[in-house]
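Trainee: I'm new to this structure and would like a close look at a single part of it. Could you pick one loop and walk me through what its residues are doing?

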Amino acid sequence: MKTLFGFLASTAGRITRAIAGLILIGVGLALIGGTWGYVLAVIGLVPLAAGVFDSCVFAPLAGYPFSGKALREKTK
């Protein structure tokens with residue numbers, strides 16, 4: 001788990017989450033459309049925001065801090 005959260009807190013992890021969020025939003029709005037497309041787009045906002053604002057939504061579930069900076073320190 002430490003390795004996973006260490007990656008998610010890294011610059012590469014933040015970029016990966018932001019890109020994944022953009023992909024989910026794009027697929028939801030462009031390919032699926034309708035109600036389910038909007039639902040997928042809203043779900044895509046979570047990894048996008050987490051990557052942009054340097055936070056990890058799932059880290060507290062494993063006992064790690066929410067903040068990316070604190071998470072990087074703890075996973076070193």
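Mentor: Let's start with a term we'll need all the way through: a residue is buried when its relative accessible area is under 20%, exposed when that area is over 50%, and partly exposed in between, using a 1.4 Å probe and protein chains only. Keep in mind that this is a predicted model, so to speak of local features we need a pLDDT of at least 70, and side-chain atom pairs count only at pLDDT 80 or more, while totals for chains, interfaces and linings use all residues. Residues are numbered from 1 along each chain as its sequence is written, and side-chain values use heavy atoms, with hydrogens and water left out.

The part I'd pick is the loop between α3 (34-52) and α4 (68-74). Helices here are DSSP runs of H or I with at least four residues, strands are runs of E with at least two, and both are numbered from the N terminus.

Tyr64 counts as buried, with 16% relative accessibility. What does its ring do? Tyr64 forms an aromatic pair with Phe5, and a search of the whole structure turns up one such pair. Rings of Phe, Tyr and Trp (its six-membered ring) pair if their centres lie within 6.5 Å; planes under 30 degrees apart are called stacked, over 60 edge-to-face, and the rest tilted. This pair is tilted, at 5.3 Å centre to centre and 45° between the planes. It also links distant parts of the chain, as Phe5 sits in helix α1 (residues 2-9), 59 residues apart from Tyr64. Phe5 is buried too, at 4% relative accessibility.

Asp54 is buried, at 16%, and has a positive phi of about 55° although it is not a glycine. It takes part in salt bridges, where a side-chain nitrogen of Lys or Arg lies within 4 Å of a carboxyl oxygen of Asp or Glu. One partner is Arg14, with the closest N and O atoms 3.7 Å apart. Arg14 lies in helix α2 (residues 11-32) and Asp54 in the loop, so this pair ties together parts that are 40 residues apart in sequence. Arg14 itself is partly exposed, at 26%.

The other partner to look at is Arg72, where the closest N and O atoms of the bridge to Asp54 are 2.9 Å apart. Here the loop is linked to helix α4, 18 residues apart in the chain. Arg72 is partly exposed, at 29%.

The structure holds three salt bridges. Lys76 and Glu73 make one of them, at 3.7 Å from N to O. Lys76 is exposed at 72%, and Glu73 is exposed at 52%.

Ser55 is buried, with a relative accessible area of 9%. Counting contact as heavy atoms within 4.5 Å, and leaving aside neighbours within four places in sequence, Ser55 touches Arg17, Ala50, Phe66 and Gly68.
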